[in-house]
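This report goes through the structure shown below, from overall composition to individual charged side chains.

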Amino acid sequence: MSSKRRSARSAAAAVLSVTSSPANSPAPSIDSRLQDLLLELQRIIYQIQEERDKNSVTMETINKIHERMKSDIKVTSKTTAKLKHLYSVGLSEGSNEAELIRRALDKVIAIKSLQTGGGNRLTGYASSGDEPPRKVMRRGVLMTMLQHDALTLPLWVPPLANTRPPPLCGAVSADSNYIVPVGDKVAARVKVEDGEENWILAAVIQYYPSSARYEIEDIDEETRERHTLSRRRVIPLPLSKPDPQTHPEAVYSIGAVVLALYPQTTCFYKAVIHRNPHSTHEDSYAVLFEDSTYTDGYSPPLNIPQLYIVAYRDFKKSR
């Protein structure tokens, strides 16, 4: 068996091992849906490797012809025609592989949504009243979970070269009629004990179309307070991140005013972008939080994951 084939099988096996942990066993219906998605992802991984193997043969043939052409005095029309045909085949094979990769990413997003968003029994944010109460999650575990969510924010891969980033890709705002799905995390502006208002990280419990209001629950396990808020007080988090090199318009520019989740807390605060990502390997922005304890009014630069950066929304009056 080739090393490429072994790597594909190893990747597929690793995907299927996600469901092997008894500590996180979901409800049967969710478990069945999750297993189906994982099997579909496994099949796509095999298909990606098969398509890549075919494309590798085509590219190797193209490279050999180019090497021979270096020593040829004259390039024949037959060689030119063969190269054109091989280029056409290579482009087709490359497009097929790209489409399979996009399908795999869609499956990964669906799996992640089921585990952390749509699958409410897995997270508990919208558990029904007949379920036993959950144990309070330790602070450190919650912070680790939030960091994991940030690291798994999917990269948006455009289906065509000139496709514009969709809503909620990086800095691209949601459509005006967008309704945040139940279970998804948001930045929510709520009133606190001293009468002040804070932006907190919360999960959507319910949306009421008749009043255009959300019921949300504080993500902080120590409070888990619920609030009913107008849509203006709820900001959805990004669903994907862009490639800064190909779609810089979906990246917050330096100097942009944003709301950012302060490290090791579940609260968003006003901040300014100090440095933005320059490649798909960078998962964070460097931001300057407003802080009157510093002489210039801003904190030193702090790295905040892209998932927890949203456009600033000004509230001059309580609504």
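## Burial and overall make-up

A residue is called buried when its relative accessible area is under 20%, exposed when it is over 50%, and partly exposed in between. The model is predicted. By that definition, 37% of the 319 residues of the protein count as buried.

The protein has five helices and ten strands. Among contacts between residues at least 6 apart in sequence, 59% join residues at least 24 apart.

## Salt bridges

How many salt bridges does the structure hold? There are 14 salt bridges in the structure. As a general point, side chains of opposite charge can pair when their charged atoms come close.

One of these bridges joins Lys241 and Asp283, with an N to O distance of 2.4 Å. Lys241 is in the loop between strand E5 (234–236) and strand E6 (257–261), and Asp283 is in the loop between strand E7 (267–275) and strand E8 (284–289), so the bridge ties together parts that are 42 residues apart in sequence. Lys241 has a relative accessible area of 8% and is therefore buried, while Asp283, at 25%, counts as partly exposed.

A salt bridge also forms between Glu290 and Lys270, where the closest N and O atoms are 3.6 Å apart. This pair links distant parts of the chain, 20 residues apart: Glu290 is in the loop between E8 and strand E9 (302–305), and Lys270 is in strand E7. Glu290 is partly exposed, with a relative accessible area of 43%. Lys270 is partly exposed at 30% relative accessibility.

Arg189, Glu197 and Arg233 are linked in a network of salt bridges.

## Strands E3 and E4

Glu215 and Arg226 form a salt bridge, with 3.4 Å between the closest N and O atoms. Glu215 belongs to strand E3 (residues 213–218) and Arg226 to strand E4; the two are eleven residues apart, and the pair links distant parts of the chain. Is Glu215 buried or exposed? Its relative accessible area is 16%, so Glu215 is buried. Arg226 is partly exposed, with a relative accessible area of 41%.

His227 is also found in strand E4, which covers residues 226–230. Because its relative accessibility is 15%, His227 counts as buried. Which residues is His227 in contact with, leaving aside its neighbours within four places in sequence? They are Val190, Lys191, Tyr214, Glu215 and Ile216.

## Negative surface patch

Glu193, Asp194, Glu196 and Glu225 form a negative surface patch. Asp194 is found in the loop between strand E1 (185–191) and strand E2 (197–208). With a relative accessible area of 60%, Asp194 is exposed, because the term applies over 50%.

Leu160 is found in the loop between helix H5 (139–151) and E1. Leu160 counts as exposed because its relative accessibility is 63%. The C-alpha atoms of Leu160 and Glu99 are separated by 10.0 Å, and these residues are 61 apart along the chain.

Conventions
Residues numbered from 1 in each chain as written. Predicted model: local features only at pLDDT ≥ 70, side-chain atom pairs only at ≥ 80, totals over all residues. Heavy atoms only, no water. Patch = residues over 30% accessible without salt bridge, like charges linked within 9 Å, V, L, I, M, F, W, Y side chains within 5 Å. Areas by Shrake-Rupley, 256 points an atom, 1.4 Å probe, with all protein chains shown as cover. Salt bridge = Lys/Arg side-chain N within 4 Å of Asp/Glu carboxyl O. Lys, Arg positive; Asp, Glu negative; His and termini not counted. Charge placed at Lys NZ, Arg CZ, Asp CG, Glu CD. Helix = DSSP H or I, 4+ residues; strand = E, 2+ residues; numbered from the N terminus. Buried < 20%, exposed > 50% of the residue type's maximum accessible area, 1.4 Å probe, protein only. Contact = heavy atoms within 4.5 Å.
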